[in-house]
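User: Can you walk me through a structure? I'd like to start with helix packing and then move to the chain contacts.
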Amino acid sequence: MTGHHQTLALLLFSGFVAVTLAITTWVSRNRRGSAEEFYAGGRLFSPLENGFAIAGDYMSAASFLGVTGLIALYGYDGMLYVVGFLVAWLLVLFLVAELVRNCGRFTLADVVVARMSERPVRTAAGTSSVTVSVLYLVAQMVGAGSLVALLLGGTSTAARAWTVIGVGTLMVIYVSLGGMRATTWIQIVKAVLLLSGTVALTVLVLLRFHGDFDRLLLTAAERSGHGDAFLAPGLKYGGDWTARLDFISLGLALVLGTAGLPHILSRFYTVPTARAARRSVLWSIGLIGGFYLMTIVLGFAAAAIVGPEAVRGSNAAGNTAVPLLALDLGGGADSTGGTVLFAVVAAIAFATILAVVAGITLASSASVAHDLYASLRRSHAKPRSEVTVARVASVGIGVVAIALGLLARDLNVAFLVGLAFAVAASANLPVLLYSLFWRGFTTRGAVWSVYGGLVPALALVVLSPVVSGSPESLFPGVDFQYFPLQNPGIVSIPLGFLAGWLGTVTSAEVPDEAKHAETEVRSLTGAGAV
Amino acid sequence: MRYDDPWYDALASGWGETDGVGAPATGGGPGRGAEEEGLSAAGDIYLEVQRSAAFQEVRSRYRRFVVPGVLVFLTWYVGYVVTATTAPGLMARPVAGAVNVAMLAGLGQFLTTFVLAWAYARHARLRRDRAALELRWDTQELTRAARGSAS
């Protein structure tokens, strides 16, 4: 890589940072400092705006770079990931978006405590939300660090460390100064940039193959060296039964986890009504679906044009497939077109990471201030002081995320993302669905279902080959591996549901009919929604 | 009246504005911040609304669409993932040119997601929205009256 890429990419990225900082300043200029404003951006975004923002929150660099890389290296098996990421949105649309908008105020815990005794449930839901957010955040920070090494050639540890610190500082500035309003606009800008970049690359690919998708697939299969096997499942996850079961576990976590991600749930509160929440999910399904269809094309194109050896040579996990493809599509390494396209793709990837981390930081600071702080210290905190707590919390979360991002810099990014989805599906989804749909659900059931999903999910990871017992694990020297799978979902998700049921049937508490009626009426009609 | 039009997105936080007669709505949801009598009265209203035929109709319309819908797409997705991991031979069977069963199934998942999302939105818009909005209006009128008499 020549210096031109780096200079241009840095220039473009600085432009993005300048624009987003300008948005933050402009938004915070007339802020009123209310909780409504900070957590929900005043609830006045339109479905179209929120749809783009949801898409911006969801389309992370892991999908843009990671999934295309997986397709370029393993063909069809990369596509399996993409399908799970999209189908998950049906669950959100059918069971979660409208009802959560109607029942809640700012966080997941708001929906659950409407029927329960407040304090223990709020603490539990807040703890699991923060855990999920921090895992997801660390994944993005680690990704940011590796991106610098990959795209700008700054392979030194110092360059990585400074990137993680820089990204962390920027996200804290966005969130603590601009709140939800600034974060939403940053997501929208990023979603537009990412989608335009993807569309441009896809058009160039289709032009190269004269619109013949069949030939693109055939060329990819031929170039991969695997022949027809490249276009069928099995290259990556087709090994022994452990690997296959692991993939089924991951698939379950992906499809059930999205509905429990705190930063996705908080997006539904930024629109005025449940109908607007529904329409924003429709927009985002269209945008996300289109985006993933294009990443499939780009992945196979990278295999066909760049070739798996070149992709693997640049980065063993395949994360540089799209930038390399852009370089080739633009006219090659020494051409102006190639340099420009490469720089654009690199800058878009940075923008993606920056926007996603801002969204997660906001959601987790809301969980800390609105759920944990409010339930653990209840000394008549006024709404205004709660926002102050949230701002401070975002700084604290930024520091924690930077520290963990520096510590965990050698962990696999895709694994961390899969883990965050698994924890969300095990700890957040059962309690959410039970409290929306089960008449007899009780406080003990709610608390048990959160911890009954959260604790097994985390414990199984500690006992998994990721942490110990194999050369690639975090502590290769020791061996306390008792659980064979990398992703705990297939065990911990049913455990979360089971624990919620057990807690409910064993508790002496009589479920409050009136409160259940209130939740049900409010969730389906929107009466009394804020 | 604007509220008769279900396409009109009633502003959730602005309920006090459309109401020319009563006192401005108190902040927060029903029950929150209200006095004890107001609270229990509001609870009774929700029970009453929940038992009303209009609400039962909205709820059963919602459930009749959502329950089969979720079962269908989850079965289809889990079936797809399990088949892809356990029977790659079947998935590799060619259909036309480079396109095989696996490719068709994957793109089929995209297609069904789009179609189901569209069908859900259409169902909600045509079969639920108007009734739900009327119920919302009625419920809020009742809770406000109850709270007004309690204070």
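**Helix packing and chain contacts**

Analyst: This is a predicted model. In chain A, helix α8 (residues 157-208) packs against helix α14 (residues 321-329) at an angle of about 55 degrees, and their axes are 11 Å apart.

User: Is the crossing of α8(A) and α14(A) left-handed or right-handed?

Analyst: The two helices cross in a left-handed sense.

User: Which residues meet there?

Analyst: From α8(A), A:Leu201, A:Leu204 and A:Val205; they meet A:Leu325, A:Ala326 and A:Leu329 of α14(A). By class, this contact has 6 nonpolar residues, no polar and no charged ones.

User: Switching to the chains. How many residues of chain B are in contact with chain A?

Analyst: 54 residues of chain B, and they contact 50 residues of chain A. On the chain B side, α2 (36-51), α3 (53-86), α4 (88-91), β2 (99-100) and α5 (101-150) each supply at least two residues.

User: Which element gives the largest share of that side of chain B?

Analyst: α5(B), with 19 residues. The side of chain B that touches chain A comprises 33 nonpolar, 16 polar and 5 charged residues.

User: And α3(B), how many residues does it have?

Analyst: α3(B) has 34 residues and reaches 48 Å from first C-alpha to last, close to the 50 Å expected at 1.5 Å a residue.

User: Which residues in α3(B) are buried?

Analyst: Among them are B:Phe55, B:Val58, B:Tyr62, B:Gly69 and B:Phe73. Further along α3(B), the buried residues include B:Tyr77, B:Tyr80, B:Val81, B:Ala84 and B:Thr85.

Key. Residues are numbered from 1 along each chain as its sequence is written. Chains are lettered from A and ligands numbered from 1 in the order in which they are written. This is a predicted model: local features need pLDDT of at least 70, side-chain atom pairs count only at pLDDT 80 or more; totals for chains, interfaces and linings use all residues. Two residues are in contact if their C-beta atoms, placed from the backbone, lie within 7 Å. Helices (H or I, at least four residues) and strands (E, at least two) are DSSP runs, numbered from the N terminus. Ala, Val, Leu, Ile, Met, Phe, Trp, Tyr, Cys and Pro count as nonpolar, Asp, Glu, Lys and Arg as charged, and the others, Gly among them, as polar. The expected span of a helix is 1.5 Å times one less than its number of residues. A residue is buried if 20 or more other C-beta atoms lie within 10 Å of its own, exposed if 12 or fewer, and partly exposed in between; C-beta atoms are placed from the backbone. Axes are lines fitted to C-alpha atoms, for helices over the stretch in contact, and angles run from 0 to 180 degrees between N-to-C directions. A crossing is left-handed if the near helix is turned anticlockwise from the far one by less than a right angle, and right-handed if clockwise.
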